[in-house]
Amino acid sequence: MTSASRSEALEAPASTPASRSAALEAIAAEVRACTRCRLHAGRTHAVPGEGHPDTEVVFVGEGPGLNEDRQGRPFVGRAGDLLVRFLATIGWRREEVFITNVVKCRPPDNRDPEPDEVAACLPYLQRQLQALDPALVVTLGRHSMGRFIPGARITQAHGTVHPVDPATGAGSALVYAMFHPAAALRAPDVERQSYDDAAGIPAALLEARRRRVATAATAATGAATGEARPEQAAAPEAFPAPPPPDASPVDTALDAPTFF
Ligand code: URA
Ligand code: SF4
């Protein structure tokens, strides 16, 4: 859980915990002052997102609701409480990941964001992902999923990993789709399915790490040593094995995601 082992080969050379924090705070300051789309007019607070600057995992929701607009923080209402419960079943806390949304200002009456609003706001998400360089992006709901897995259907894609288009900003990540927690609040079968999908997050992270190690090893071929750094090669094994598919919620408790 130290920044010392974060792989420099996998990110922009200048990226350090301090530089990532500074980049994220600069983006947040721009978001708070942003008037690029009509949603700025109705907001109490913009909601840039929050979390650990060294995390491997970014959760992306749709847009702020009433509570988020009041507090300027993502997922702090009932949907957020449920998201925290999903995380707890795998032993993770919200402070250990980064949580943000596709649009940073609340759409009136929680309507879906319009395409031009999404387009106006996307550069902020893209820059956040570039700064964080996550291994895994977890999309919450179909609007967020649509940014990362175009054309996918949530009923089929939930609980599965997909490669990410580098244009999203998360070029070396895998994306893992989940239903929106608000949908889980409305439908018990979606809630049950969401607990199952949450149980699959650690395995998705393992797969994402393996892929990054393989990519780094390929990139290192032809370099002076021709080998990945030892800590890169060791990274996947450092994480506890994923739970068996039929494990109870207690058995699925795992260590928190390590930070590079
Ligand atoms: N729903 C979202 O999509 N995002 C939030 O931040 C809260 C609720
Ligand atoms: Fe700016 Fe995004 Fe808010 Fe629109 S939703 S005003 S683009 S921060």
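Phe75 counts as buried because 27 C-beta neighbours lie inside 10 Å (buried means 20 or more other C-beta atoms within 10 Å, exposed 12 or fewer, and partly exposed in between, with C-beta atoms placed from the backbone). The model is predicted, so that local features need pLDDT of at least 70 and side-chain atom pairs count only at pLDDT 80 or more, while totals for chains, interfaces and linings use all residues. Residues are numbered from 1 along each chain as its sequence is written, chains are lettered from A and ligands numbered from 1 in the order in which they are written.

Phe75 lies in the loop between helix H2 (66-71) and helix H3 (78-89) and, although not a glycine, has a positive phi of about 50°. Asp109, also not a glycine, has a positive phi of about 55° and is placed in the loop between strand S3 (98-101) and H4. Asp109 counts as exposed because it has 7 C-beta neighbours inside 10 Å.

The chain contains 10 helices and 6 strands (DSSP runs of H or I, at least four residues, and of E, at least two, numbered from the N terminus). Of its 260 residues, 45% are buried.

Beyond its neighbours within four places in sequence, Val137 is in contact (C-beta atoms, placed from the backbone, within 7 Å) with residues including Val58, Phe148 and Val175.

Definitions and conventions: Contact = placed C-beta atoms within 7 Å.
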